[in-house]
Amino acid sequence: MAHPRTILHADLDAFYASVEQRDRPELRGKPVVVGGASGRGVVTAASYEARVFGIHSAMPGFEARRRCPHAVFIPGDMAKYRRESQRVFAIFRRYSPLVEGISLDEAFIDLTGTGRLLGDAVAVGERLRADVRAETGLALSVGIAPVKMVAKIATDLAKPDGLRMVAAGEVRSFLAPLPVGRIWGVGRVGLQRMEALGIATIGDLAATSDEHLRATLGAFGVGLARLARGEDERDVEPYREAKSYGEENTFARDVATRAALTGPIRAHADAVARRLRHDHVAGHGVTVKLKLARPLGGGRYPLVTRSMALKRPTDDGDAIARAALTLLERVDPWEPIRLVGVSVTRLVASDEPQLALTLAGPTEARRSRLNAAVDAIHARFGDDVLKRGTADVRRAGLSVGIKRGERE
């Protein structure tokens with residue numbers, strides 16, 4: 001007999017800001033903002049004291065400073081946050097091998113069938129929260145439900161520093177009064193379309209017939225209605241594969257010329273290539289992403305992307321950079337930009353480095369040996385030891401996601 005599913009969603013409260021407050025006692029009780037210090041910076045994390053002023057992640061730094069001039073702005077330390085994340089995820093894996101990381105501070109944990117070994121799910125959640133606090137000094141909020149979406153919503157409602165359980169028979173009643181915008185995949189446009197149909201709550205959506213939704217919103221609406229009814233069969237995926245590897249940055253000032261992007265593009269290409277080699281994968285495709293400096297209003301800017309297929313997969317930074325610079329030349333007409341990104345797609349395994357060397361020409365063989373030497377230096381001395389001198393790749397905000405291939 002199959003066990004009913006038990007999915008636990010765990011989320012560290014105001015992770016980056018909480019780490020800083022833990023390590024710097026003088027910051028405790030004060031509004032702390034991580035990121036957003038530069039003119040174009042964005043808020044990566046805000047302490048709960050800062051959230052009282054309406055400050056939240058992804059908010060422009062200038063707006064956060066306007067709302068709370070006395071807030072303490074901290075640039076952040078990604079290496080430290082990654083170390084803390086690894087400590088917390090190690091605690092998660094004591095409770096189940098099925099841990100799906102969503103970001104550095106958030107994960108799904110599948111507890112299905114663990115009742116005899118671990119006990120009641122609520123008790124497990126409380127023990128997990130206690131372990132994280134005792135070993136890291138950080139607060140963890142937890143949601144437990146039969147499906148992933150409901151577990152995540154339960155966590156959001158349990159914050160800060162709480163736990164909420166939604167039993168299988170309570171899913172529909174739990175979801176019904178909540179705003180429809182809480183469903184995964186509902187963006188600004190989708191929300192407007194549903195509001196125009198009189199759909200304001202998840203319960204409204206669940207009660208709408210599939211026929212009406214198909215006629216008005218298409219398959220998108222039907223899929224959302226299934227989620228609204230608690231029909232979410234997505235499993236916890238601990239070994240979910242990456243679809244692409246990328247790096248990007250927002251400039252402190254608009255960049256007016258293509259030539260000024262050469263350094264940043266090469267730096268991003270090198271960083272992406274190191275991560276590819278770390279994970280023994282290579283890519284058949286390269287994409288360049290540009291955010292134009294022309295404002296559209298509401299903090300939005302036009303995005304331009306260009307992509308190309310490679311004759312054979314690569315994990316070499318020079319090859320990625322050459323492809324990206326070729327794509328840059330295809331952007332016409334040219335406008336000043338505020339962000340540039342480089343990503344590698346269509347990934348394949350590259351577990352046979354010696355065979356690849358044998359088949360490669362002399363130039364590629366030399367590049368492979370050089371890359372191996374550079375990787376060894378970065379592994380031993382850190383990512384800042386070797387840099388291209390012309391590259392300005394300061395980010396507007398810290399990464400919040402788990403980047404595959406990053407050095408631990």
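Glu126 and Arg129 form a salt bridge whose closest N and O atoms are 3.1 Å apart; a salt bridge here is a side-chain nitrogen of Lys or Arg within 4 Å of a carboxyl oxygen of Asp or Glu. Both residues belong to helix α6, three residues apart, about one turn of the helix. Helices (H or I, at least four residues) and strands (E, at least two) are DSSP runs numbered from the N terminus. Glu126 is partly exposed, with a relative accessible area of 36%, whereas Arg129 counts as buried at 14% relative accessibility. Buried means under 20% relative accessible area, exposed over 50%, and partly exposed in between (1.4 Å probe, protein chains only).

The model is predicted: local features need pLDDT of at least 70, side-chain atom pairs count only at pLDDT 80 or more, and totals for chains, interfaces and linings use all residues. Residues are numbered from 1 along each chain as its sequence is written, and side-chain values use heavy atoms, with hydrogens and water left out.

## Salt bridges

| Pair | N to O distance | Location |
|---|---|---|
| Glu126 and Arg129 | 3.1 Å | both in helix α6 |
| Asp23 and Lys80 | 3.3 Å | helix α1 and helix α4 |
| Glu106 and Lys152 | 2.6 Å | strand β6 and helix α7 |

Asp23 is partly exposed at 35% relative accessibility, while Lys80 is buried, with a relative accessible area of 15%. Both residues also belong to a salt-bridge network that links Glu20, Arg22, Asp23, Lys80, Glu84 and Arg87. The pair Glu106 and Lys152 ties together parts that are 46 residues apart in sequence, and both of these residues are buried.

## Nonpolar cores

A nonpolar core is a set of buried Ala, Val, Leu, Ile, Met, Phe, Trp, Tyr and Cys residues joined through side-chain atoms within 4.5 Å. The largest one has 34 residues, and those with the most contacts inside it are Leu8, Phe15, Tyr16, Phe92, Leu128, Val132 and Leu140. At least two residues of this core come from each of β1 (7-12), α1 (15-23), β2 (32-35), α4 (78-95), β6 (106-110), α6 (121-136) and β7 (140-145). Helix α4 gives the most, with seven residues. A second, separate core of 30 residues includes Ile7, Val150, Leu175 and Ala206. In soluble globular proteins, nonpolar side chains tend to be buried together.

Strands β3, β2 and β4 form an open sheet in the order β3-β2-β4, with mixed pairing; two strands pair if DSSP finds at least two bridges between them. Strands β3 and β4 (72-74) stand at the edges with a single partner strand each, so one side of each is left without a neighbour in the sheet. From one strand to the next, the twist averages 25 degrees. Strands β2 and β4 run parallel and are joined by three bridges; Val32 has Val72 in β4 as its bridge partner. Helix α1 lies across β2, β3 and β4, running at about 120 degrees to β2. For such angles, axes are lines fitted to C-alpha atoms, for helices over the stretch in contact, and angles run from 0 to 180 degrees between N-to-C directions.

Ser47 is found in the loop between β3 (43-46) and α2 (48-51) and counts as buried at 1% relative accessibility. Leaving aside residues up to four places away in sequence, Ser47 touches Ala14, Ala17, Gln21, Lys30, Pro31 and Val32, where contact means heavy atoms within 4.5 Å.

## The four-stranded sheet

Four strands form an open antiparallel sheet in the order β9-β12-β10-β11. The edge strands, β9 (244-255) and β11 (303-314), each pair on one side only. The twist averages 15 degrees from one strand to the next. Strand β10 (residues 281-292) pairs with β11 over eight antiparallel bridges, and Val288 stands opposite Arg306 in β11.

Helix α13 (residues 262-278) lies across β9, β10, β11 and β12 (337-349), at about 160 degrees to β9. Helix α14 (residues 317-329) also packs on the sheet, touching β10, β11 and β12, and its direction makes about 40 degrees with that of β10.

## Helix α12

In helix α12 (residues 219-228), the buried residues are Gly221, Val222, Leu224, Ala225, Leu227 and Ala228. These residues pack against α7 (148-158), α8 (171-175), α9 (188-196), α10 (202-207) and α11 (210-216). Just after α12, Gly230 takes a positive phi of about 80 degrees.
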